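Hi,

Here is the structure I promised to pass on. Have a look at it first, and then read on for what turned up.

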Amino acid sequence: MKGTEETGAAEQELGSEPEPEPEPEPESEPGSGFGADESMSASPAPSRRPDRSGLFIAGGILAACAALVGYGIMAGNGGGDDKPERKVPTAAVTYEVTGSGTVDITYQARSESGKAVVVEAATLPWRKTVAVPLGRQAVVSITLGEQGGEARCAVAVRGRHVQGATAAGEFGRATCSGALPRESGAGEG
């Protein structure tokens with residue numbers, strides 16, 4: 001090698017450039033489609049940096065997801081599917097059933113859909129105070145069982161007795177109701 005370096009240095013001094021050493025041709029890999037008799041261009045490939053555009057796109061998507069999650073947490077209930085509960089003005093209604101034996105009781109409570117609550121085979125006496133939306137009817141119905149008996153229902157709106165009724169005998173029925181005032185800026189009471 002020392003002789004080659006000296007020759008190259010001597011040629012540079014004389015003004016001629018040394019001949020570049022030929023680059024070895026890449027060997028063809030099996031199954032690459034290039035046979036031994038096919039020649040590839042031996043031009044050197046420019047040095048390329050790895051393509052990082054995929055990383056930038058993935059990073060952008062990740063940042064967008066993190067921003068959406070952060071917004072959901074900051075907005076309140078963390079992205080939950082719960083609807084915010086509407087504040088509906090209500091009135092306190094007390095339903096009371098007295099007598100002997102057991103009865104089935106159906107009453108109206110806080111429900112915008114209008115569905116009633118059913119208590120089967122309630123032991124008497126029974127009392128329940130609930131919030132009922134203003135403008136609706138406060139209703140309680142009682143049905144005696146096949147043993148019969150006697151039971152009385154009563155409805156009170158905001159502590160004031162509205163109506164009472166009595167059921168007697170086998171499968172006896174009674175219904176008590178009272179109209180609640182319409183909305184007038186009054187809240188639950």
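Glu 96 has a relative accessibility of 30%, so it counts as partly exposed. Keep in mind that this is a predicted model. The partner of Glu 96 is Arg 127: the two form a salt bridge, and their closest N and O atoms are 3.6 Å apart. Glu 96 belongs to strand E1 (residues 90-99) and Arg 127 to strand E4 (residues 126-133), so this contact ties together parts that lie 31 residues apart in sequence. Arg 127 itself is exposed, at a relative accessible area of 56%. If you go looking for others, the structure holds 1 salt bridge.

Next, the aromatic rings. How many aromatic pairs are there? The count comes to 2. In one of them, the ring centres of Tyr 95 and Tyr 107 are 5.5 Å apart and the planes sit at 50°, so the pair is tilted; a stacked pair would need planes under 30 degrees apart, and an edge-to-face pair over 60. Since Tyr 95 is in strand E1 and Tyr 107 in strand E2, the pair ties together parts that are 12 residues apart in sequence. Are these two tyrosines buried or exposed? Both Tyr 95 and Tyr 107 are buried.

Tyr 107 also pairs with Trp 126: here the ring centres are 5.5 Å apart and the planes are at 45°, so this pair is tilted too. It links distant parts of the chain, with Tyr 107 in strand E2 and Trp 126 in strand E4, 19 residues apart. Tyr 107 and Trp 126 are both buried. Put together, the ring pairs join Tyr 95, Tyr 107 and Trp 126 into a cluster.

Tyr 107 is a handy way into the sheet as well, as it stands opposite Val 140 in E5. Strand E2 (residues 102-107) pairs with strand E5 (residues 137-144) in the antiparallel sense, over 5 bridges. Those two belong to an open sheet of 4 strands, in the order E3-E2-E5-E8, with antiparallel pairing. Which strands stand at the edges? They are E3 (117-123) and E8 (173-179); each has a single partner strand, so one side of each is left without a neighbour in the sheet. On average, neighbouring strands of this sheet are turned by 15° against each other, direction ignored.

Cheers

Methods
Residues are numbered from 1 along each chain as its sequence is written. This is a predicted model: local features need pLDDT of at least 70, side-chain atom pairs count only at pLDDT 80 or more; totals for chains, interfaces and linings use all residues. Side-chain values use heavy atoms; hydrogens and water are left out. A salt bridge is a side-chain nitrogen of Lys or Arg within 4 Å of a carboxyl oxygen of Asp or Glu. Buried means under 20% relative accessible area, exposed over 50%, partly exposed in between (1.4 Å probe, protein chains only). Two strands pair if DSSP finds at least two bridges between them. Axes are lines fitted to C-alpha atoms, for helices over the stretch in contact, and angles run from 0 to 180 degrees between N-to-C directions. Rings of Phe, Tyr and Trp (its six-membered ring) pair if their centres lie within 6.5 Å; planes under 30 degrees apart count as stacked, over 60 as edge-to-face and the rest as tilted.
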